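Here are my notes on this one, for you to read with the model open beside them.

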Amino acid sequence: MVKAIYDFGLIGLGTMGKNLLMNMADHGYEVAGYDKDLSKVQSLKDEAGEIYGAETMEEFVASLERPRKVMMLVPAGKIVDYVIADLLPLLDRGDIIMDGGNSFFKDTERRQEELKGMGIHYLGIGISGGAEGARRGPSMMPGGNRIAYNKVRPILESVSAKVGKQPCVTYLGEGSVGNYVKMVHNGIEYGLMQILAEAYDVMQRGLGMSNAEIHEAFTDWNEKELRSFLVEITAKIFAVKDEETGKEVIDLILDKGKQKGTGKWTSQDALNVGEPIPTIDLAVIARAISAFKTERVAASEILHGPSNSVIKKDKKTYVRRLKNATIFSFLVTYAQGMSLLQSASEEYNYNLDLEGVAKIWRGGCIIRAKMLEDFRKAYKKDANLTNLLVDAGIAKKVNKTQKDTRTVVMDAVKVGVPVPCIGACLSYFDSYRAARLPMNLVQAQRDFFGSHTYERLDKDGFFHTEWE
Ligand code: 6PG
């Protein structure tokens, strides 16, 4: 009979799970792991002897101190339900289940509801930072019952990433908010990645820069305003050579984007709550278009772009402009994501503290960036800020960089290099700052063909015109 001595248990011993357990053990916690795949249990035992590797679910649950704290790190979807079903008969009232995967927030709500009657607490915890983050300190986005959270708070705080001494984890609220915030994190991640991909395309196809030059440019960008994990790894990617061929790996990678779904969910739910996030939408779409590789190759022979496909400008000056366009686009993308969180908070009664979100995204997660501290400050100054772009400090930055963004978008259009996300950032900015949009015409058209009525500028009420 195993003794119930372990502080924390984790189901799903993939790289993330194993690394998170090792991180916990490093911080002095007694932890246990379990996986249906016994080879993974064995590999945990081989790598970390101090961690208990259980070979059955029964042994695993029996090894945990009460209330039991069990985290699942398994693929989102049905598997989460299967694991819960296996766990349930072995658990007692007051035990806590945590889902650390990228689960859809509505699934979390359903599971919370189902388990509530049994006295089991269920926390949806978004975890970001990949395998390395799990090992050295991830950013964690927990939601669910506060009392249950307080029971796991010490361990989560000690293993999370730190900015200064502040942990990159904080209680976000009741219900599914943790998964929602992680979903939006991933949406922003899609946007930023695509912006960097577009910048690369402009550098390579538009300016004819070599991989070495691109590596240098991104390395330089990572020094100041754009300092971030994604720019850092992007710079590194351009310096890596394939051992077999000696060529740069980047040139050997098939240009077909894959996705697990979190970006798409972000766009879908943004449409549901009525929040415009065009950059994220277009980042999802960019991956979808890229997937039609065979069609694209065929179309490239049939459909023609401009005869001039080169941006004939001084490379060095132009890379500076492109950097400004990237700063601008990053700011606008975060602004869209944060604004979505604000709308979702109202829609789903999350009562979300956006300063808290910015705070825990400053370290550990994939979208960590120097500019997150500016966002945190902006929300500290005004918790109800309607949009990050109208914060005085951020407004100054977008106002300063918008001109270069226009140049980049115009040149890219001229030479036929697609810049959907950078372009979407600019359109969003121009729409958001427009005191008047041409929607009066759309309203007139709706009224014309469907008598849908319209409101007027000069008086209150709803009006209809006999247009013909
Ligand atoms: C993270 C990542 C992580 C995962 C992405 C990949 O925050 O650590 O976002 O969750 O790597 O979900 O997503 P796609 O496969 O959809 O690009």
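1. Domain bounds here come from an automatic or database domain assignment. On that basis the protein chain splits into domain 1 (8–175), domain 2 (182–432) and domain 3 (441–468). The centres of domain 1 and domain 3, taken over C-alpha atoms, are 55 Å apart.

2. Some ground rules before the details. This is a predicted model, where local features need pLDDT of at least 70 and side-chain atom pairs count only at pLDDT 80 or more, while totals for chains, interfaces and linings use all residues. Residues are numbered from 1 along each chain as its sequence is written, and side-chain values use heavy atoms, with hydrogens and water left out.

3. Where does the ligand lie? Domain 1 (8–175) and domain 2 (182–432) both give residues to the shell around the ligand, so it lies between them.

4. Now the neighbours, where "near" means that a heavy atom of the residue lies within 4 Å of the molecule. There are 14 residues around the ligand, and Ser-128, Glu-189, Tyr-190, Lys-260 and Arg-287 come nearest. Helix 8 (residues 177–206) gives the most to this shell, with 5 residues; helices are DSSP runs (H or I, at least four residues) and strands likewise (E, at least two), numbered from the N terminus.

5. Ligand oxygen atoms lie 2.8 Å from a polar backbone atom of Lys-260, 3.0 Å from a backbone N or O atom of Gly-129 and 3.3 Å from a polar backbone atom of Gly-130. The protein covers 79% of the 420 Å² of accessible area that the ligand has on its own (Shrake-Rupley method, 1.4 Å probe).

6. Two loops deserve a look. The peptide bond from Arg-66 to Pro-67 is cis, with omega near -10 degrees, and Pro-67 sits in the loop between helix 3 (57–62) and strand 4 (69–72). Asn-349 is not a glycine, yet has a positive phi of about 55 degrees; Asn-349 is in the loop between helix 14 (315–347) and helix 15 (354–360).

Key:
Polar contact = N/O pair within 3.5 Å; in protein donor to acceptor, adjacent residues only side chain to side chain.
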